[in-house]
Amino acid sequence: MARMSLLTRDEAQTRSQLLDVQRYAVDLDLTTGDTTFASRTRVHFTARTAGDTFIDLNPDRLHTVTLDGTPLDPATLDGNRLPLTGLAPGPHELTVEADMAYSRTGEGMHRFTDPADGETYLYTQLFLDDARRVFAAFDQPDLKAHFDLTVTAPPHWTVLANGTSTHHGDGRWTAATTPLISPYLVAVAAGPWHTVRTDHRGLPFGIHCRRSLAPHLDADATELLSTTTALFDRYHEKFDEPYPFDSYDQAFVPEFNAGAMENPGLVTFRDSYVFRSAVTDAERCSRAVTIAHEMAHMWFGDLVTLTWWDDIWLNESFAEYMGYQTVAEATRWTHVWTDFAAGRKDWGYDADQRPTTHPVAPDPEAVPDTASALLNFDGISYAKGAAALRQLTAWLGEKDFLAGINRHFTRHRFGNATLADFLDNLASATDRDVHTWAAAWLRTSGVDTLTAHATDTGTPAAPTWQLTVDREGTRPHRITVTTWDHTPETGPPTRRDHLDLDLPQDQPLTLPGHRPDLVVLNDQDLTYAKLRLDPTSWTTASATLATLPDPLTRAVLWNTARDLVRDGQLAPAAYLDAARTHLPHESDLAVTTGVLGFASRHVAGVYTHPDDRPAALATLTALCRDLLRRTEGLSTEDWTRGQGGAHRTDTHPGLRLVAVRHFIDSATQPATLTAWLDDGLVPGGPDLDPALRWRILGRLAVLGAVDEAAIDAELTADPSATGQEGAARCRAALPDLDAKRRAWEAMFEDDTLSNYLFTATAQGFWQPEQTALVRPYVHRYYQEAPGLARRRGAALATAAGAAAFPAYAVDDEALALGRAALAQDDLVPALRRRLADQIDDLARALRVRYRQAQATG
């Protein structure tokens with residue numbers, strides 16, 4: 001295997017100082033076979049001084065290289081670097097002809113054949129440094145250029161690209177010349193796409209998917225396009241710079257590694273966003289947020305691009321914040337910040353409490369090369385960064401915040417910028433000390449903890465009380481504090497005070513009246529911090545949580561309970577009991593989904609000792625039965641309308657769907673699930689669509705209540721790509737030594753599974769109920785995962801460290817094995833980072849179990 005070199009920050013700076021790149025002409029021939037495609041690249045660039053450099057290229061076979069009309073020796077290619085030596089000052093033209101390999105891992109040019117109809121689809125994913133897998137490139141973000149793209153494809157295909165594409169007959173396509181963009185943003189998607197188009201504000205808009213998903217895309221086309229155009233209009237109200245590209249296409253592509261990618265003019269999404277089965281309105285909201293996130297990137301990342309990857313937060317944190325905020329402003333999902341609090345922010349909190357944490361804006365020296373940069377696409381750069389920007393907006397004011405970012409766009413349009421540039425532009429729009437704020441919030445890591453203390457003062461005749469907030473950490477915080485009185489005999493708590501508070505406090509805050517029964521810090525979730533309630537407030541919250549009127553308040557308190565469990569200060573069983581008490585009365589779907597997800601995956605899955613797991617699952621099952629009873633009586637019309645967003649407080653179709661899903665996952669006996677599967681429906685609804693059928697079959701496989709023949713029969717009925725994944729997941733979940741052996745060989749020895757089939761197999765393999773059965777594979781995992789990561793690259797290394805990690809082996813021996821594996825020097829960085837996070841989570845689970853054992857004697 002050829003040695004692959006990582007681009008370092010120093011090398012990128014040196015190359016940027018030497019070169020000015022003007023234009024690429026890229027010609028791709030996608031008709032040359034199933035394993036490779038032809039790539040011809042012509043690059044026009046200028047050397048500012050005499051010197052040596054290299055261009056990035058990772059070919060299957062390199063045919064010819066010509067520099068200024070002079071052939072170069074292809075044998076000089078060193079791994080993924082083609083040396084360009086002895087460059088004279090002035091303009092140059094480099095031509096490279098090569099065959100490039102298709103990918104099955106979602107990197108470079110990914111190739112997928114749809115099992116539903118045999119049609120083939122291709123798309124590029126060039127982020128972060130994978131342009132070299134498709135064409136020769138000076139592959140770094142600050143060497144922007146214009147791109148001219150030509151593609152030859154089978155005659156019945158459509159080719160999509162960054163600019164509007166034109167078909168000239170016989171499968172020959174050209175795309176309009178791009179403005180100045182970075183190589184990693186170049187995009188192609190080719191295949192027999194199903195397309196829905198419209199025009200908006202004088203620009204063509206399109207949504208695309210593979211043909212087998214056409215009915216499902218058509219069913220949602222109105223929502224997708226109306227959401228897209230509403231967000232587009234709102235961004236034009238916010239931003240002075242108009243949308244900078246000539247069209248806006250959104251392609252839903254198969255086996256995509258991320259949620260989406262912000263390629264200018266051609267955003268690619270994972271095609272699970274084309275819903276082929278019933279989904280909740282919260283999932284529709286999540287899709288809208290992803291659309292908004294990627295559209296924000298047209299300005300944050302595409303128009304103005306980071307100079308080096310240490311400033312990735314300038315892309316991702318802003319797109320994350322703007323995505324949620326703009327959905328709240330421009331769509332029907334006005335309470336989307338509750339969804340952020342209940343289902344997204346925990347990603348940042350968890351990442352920020354691990355040893356691998358890093359500042360939102362790390363020092364440049366902490367991101368020395370592209371491999372280290374890739375590790376920072378995590379909960380800190382996304383969720384924590386978005387929370388920090390929400391806090392900045394609360395402190396600065398939205399008017400000044402928008403003024404600063406608009407100056408940033410204007411000054412750096414079609415160029416590159418750094419954190420220093422951004423802070424200077426922001427500071428020019430306000431008299432606040434933005435640089436000091438940034439030092440405290442963006443250059444530090446970890447989570448502050450805010451603890452409320454409420455004390456009665458004054459006299460019986462003139463009562464007063466004092467509020468003090470202790471702060472563990474160094475960041476300033478602007479928060480909203482609400483106080484509540486509660487008399488059980490009179491019903492739900494009543495709000496008393498609504499305070500805007502800056503921390504740290506100069507002195508305790510004295511307020512009239514007796515101390516309240518409940519003090520909620522950070523009520524509107526404007527800051528990023530863990531919260532601790534005083535004892536009286538905790539008692540009140542525990543008794544009244546579901547009756548508080550604002551779902552965002554409830555989400556903040558549920559997150560407090562979540563943190564207490566993770567920190568070993570609240571028993572896992574107590575969290576489950578609270579969920580059983582309050583969720584049957586919860587009216588917000590995002591809150592319900594977030595609490596059930598944590599209860600199922602973390603509390604019952606890893607924090608609860610195996611001996612106590614049956615009781616935990618029994619609590620979850622009983623809770624789900626309560627939710628199902630609450631949603632009885634839905635008509636067929638209710639279910640149909642529900643998929644498009646109907647919302648009824650006590651009979652929400654999405655709530656019933658969530659309850660059905662979690663009932664399936666927590667079942668310990670097969671009888672009910674088998675009856676549902678045989679009948680093709682849940683009594684009272686819903687009918688079992690493919691997603692629910694595969695979910696039931698997966699749980700029955702874990703319980704040993706189905707066999708290979710049943711899985712094969714279901715796959716015959718649903719031979720789609722998701723059906724293939726469902727079958728792989730079910731087969732790996734069978735409690736059978738031979739089934740486990742075959743699944744393991746497919747993952748770690750065969751090396752032919754695509755990224756999605758690998759993940760599906762891994763998800764089925766490890767099950768809490770089967771820890772004894774798969775115990776020998778825990779040792780094998782640490783022996784074999786490093787080699788897999790080296791052979792198959794970063795995407796599969798990440799999958800191996802995530803889905804394939806033995807998360808349910810929670811014991812000291814597994815922890816020791818993991819720590820020993822981390823001591824190896826030759827781990828692929830993507831795997832090392834995932835292992836470090838997983839092993840820290842394993843240590844946390846052991847601490848939670850140990851403290852619970854101590855507490856119970």
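**A loop, a helix pair and their setting**

Modeller: Pro 686 lies in the loop that runs between helix 19 (671–679) and helix 20, where helices (H or I, at least four residues) and strands (E, at least two) are DSSP runs numbered from the N terminus. The model is a predicted one, in which local features need pLDDT of at least 70 and side-chain atom pairs count only at pLDDT 80 or more, while totals for chains, interfaces and linings use all residues. Residues are numbered from 1 along each chain as its sequence is written, and side-chain values use heavy atoms, with hydrogens and water left out.

In general, most peptide bonds are trans, and most residues other than glycine have a negative phi. A cis bond also joins Phe 127 to Leu 128, with omega about 0°, and Leu 128 sits in the loop between strand 9 (120–125) and strand 10 (146–152).

From helix 18, the contact (heavy atoms within 4.5 Å) draws on Leu 657, Val 660, Arg 661, Ile 664, Asp 665 and Ser 666, and from helix 20 on Leu 692, Arg 695, Ile 696 and Arg 699. These residues divide into 5 nonpolar, 1 polar and 4 charged, counting Ala, Val, Leu, Ile, Met, Phe, Trp, Tyr, Cys and Pro as nonpolar, Asp, Glu, Lys and Arg as charged, and the others, Gly among them, as polar.

Turning to another helix, Arg 562 belongs to helix 13 (residues 551–566) and, at 6% relative accessibility, counts as buried (under 20% relative accessible area; exposed is over 50% and partly exposed in between, with a 1.4 Å probe and protein chains only). Apart from neighbours within four places in sequence, Arg 562 is in contact with Asp 346, Asp 350, Tyr 575 and Phe 598.

Two loop residues deserve a word on backbone angles. Asp 68, which is not a glycine, has a positive phi of about 55°; its place is the loop between strand 4 (61–67) and strand 5, and at 41% relative accessibility Asp 68 counts as partly exposed. Asp 751 likewise has a positive phi, near 65°, in the loop between helix 23 (737–750) and helix 24 (755–765), and its 25% relative accessibility makes Asp 751 partly exposed.

As for strands, strand 22 (residues 449–458) and strand 23 (residues 463–472) pair antiparallel over 10 bridges, pairing meaning that DSSP finds at least two bridges between two strands. With 4 residues between them, strand 22 and strand 23 form a hairpin, in which Leu 450 stands opposite Arg 471 of strand 23. Strand 22 is also joined by 3 bridges to strand 28 (residues 530–532), running parallel, and there Thr 449 has Lys 530 as its bridge partner.
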